[in-house]
Each structure stands twice: as structure tokens, then as C-alpha cells.
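Please look through the following structure with its strands, helices and core in mind. The briefing below takes these topics in turn.

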Amino acid sequence: MMNYPCLYAAPFGNITLIFDGQGNLLEVHLYGHPEHAPYPLPEAWRQKLDDYFSGRLKNFNHPASTHGTPFQQKVWQAIAEIPAGEVQTYQDIARRIGSHPRAVGSACGKNPLALVVPCHRVVAKQGLGGFSCKEGDALSIKRWLLKHEGINL
């Protein structure tokens with residue numbers, strides 16, 4: 001199956017969104033290189049991202065990925081339910097789903113739909129916690145996203 005990587009210029013840098021041949025969003029990477037994302041971004045997603053970064057859209061209301069273990073999907077669903085402007089700790093989510101904070105953190109790090117399923121809204125009990133991003137300063141992106149949503153940590 002062919003995947004279609006597309007680029008979006010976010011205020012903090014390029015984002016890569018990867019779609020399948022039917023236009024389903026498969027992955028979001030909070031970094032991007034134009035040479036690795038040659039396809040045009042679908043207009044509906046450009047509008048959603050424009051609206052999010054302008055403050056008109058608070059939540060993407062997009063389903064969590066089904067490409068993960070049942071446990072990961074449970075964590076991602078819990079993350080998807082965190083409203084914009086709010087944070088929850090790894091421990092909060094662990095208690096809610098009957099797990100351990102480290103396991104929740106691990107599942108957060110494997111979330112293929114960063115930003116859309118807002119793992120940036122999950123923080124440590126004392127501090128920012130981690131953030132999965134393969135390049136650059138991931139924590140600066142997490143801080144930026146939280147500040148954009150009105151949260152200063």
C-alpha cells in the first residue's frame with residue numbers, strides 16, 4: 001500500500017502528515033523535510049491545521065490510531081479525551097485505565113498521531129515530562145503547543 005507524506009508549515013517548524021491511498025491519516029510527525037514530503041496536503045487537513053494554529057479549533061476530534069496494541073489504543077483514546085487548555089499526568093491516565101505511569105508514558109511515545117491525538121497534554125507529576133519527536137528539541141515543541149493552548153509549565 002502506498003503512503004503519501006505531506007508537509008505543513010506550523011509556527012514552530014514543519015510537520016509531516018502521512019496518508020494512505022484512501023486519504024486516511026496514518027501518522028503525524030512534528031518535524032518535516034520538504035524533500036521527504038512531496039505530496040500536496042489535503043485541503044481539509046490544511047484547514048484544520050490552520051484553524052488549530054489560529055486558535056479557532058481546540059480539538060481535532062479525530063479517532064486514535066488502530067495501529068497499536070490494545071493497551072496503546074486504550075491510552076491513546078484516553079489522551080484523545082483531554083480537552084484543549086487542560087493537562088493530565090501520566091499517573092492520572094494510569095489510574096483511569098488501571099495501569100502504571102511508565103507504561104502510559106511508553107504508549108504516549110508511540111502515539112502515531114501526535115498533535116491530533118494530543119499527547120502534548122500529558123505531563124509528569126512534577127514538570128513537563130517527555131515528548132516523542134524524532135528530531136530537534138521535542139520539549140520546546142511540547143512547551144510551544146501547551147502555551148498555544150494557554151498552559152504554562
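This is a predicted model: local features need pLDDT of at least 70, side-chain atom pairs count only at pLDDT 80 or more; totals for chains, interfaces and linings use all residues.

Residues are numbered from 1 along each chain as its sequence is written, and side-chain values use heavy atoms, with hydrogens and water left out.

**Strands** (DSSP runs of E, at least two residues, numbered from the N terminus)

- Strand β2 (residues 13-20) runs antiparallel to β3 and is joined to it by four bridges, where pairing requires that DSSP finds at least two bridges between two strands.
- Four residues lie between β2 and β3 in their hairpin, and Gly-23 in the turn has a positive phi of about 85°.
- Because four of the five residues of β3 (residues 25-29) are buried, this strand is largely enclosed by the rest of the structure; buried means under 20% relative accessible area, with a 1.4 Å probe and protein chains only.

**Helix α2** (helices are DSSP runs of H or I, at least four residues)

- Gln-72, Val-75, Trp-76, Ala-78 and Ile-79 are buried in α2 (residues 70-80).
- These residues cover an arc of only 155° around the axis, which puts them on the same side of α2; the arc is taken from the directions from the helix axis to the C-beta atoms.

**Nonpolar core** (buried Ala, Val, Leu, Ile, Met, Phe, Trp, Tyr and Cys residues joined through side-chain atoms within 4.5 Å)

- The largest nonpolar core has 39 residues, and those with the most contacts inside it include Ile-15 and Ile-79.

Terms used:
Buried means under 20% relative accessible area, exposed over 50%, partly exposed in between (1.4 Å probe, protein chains only).
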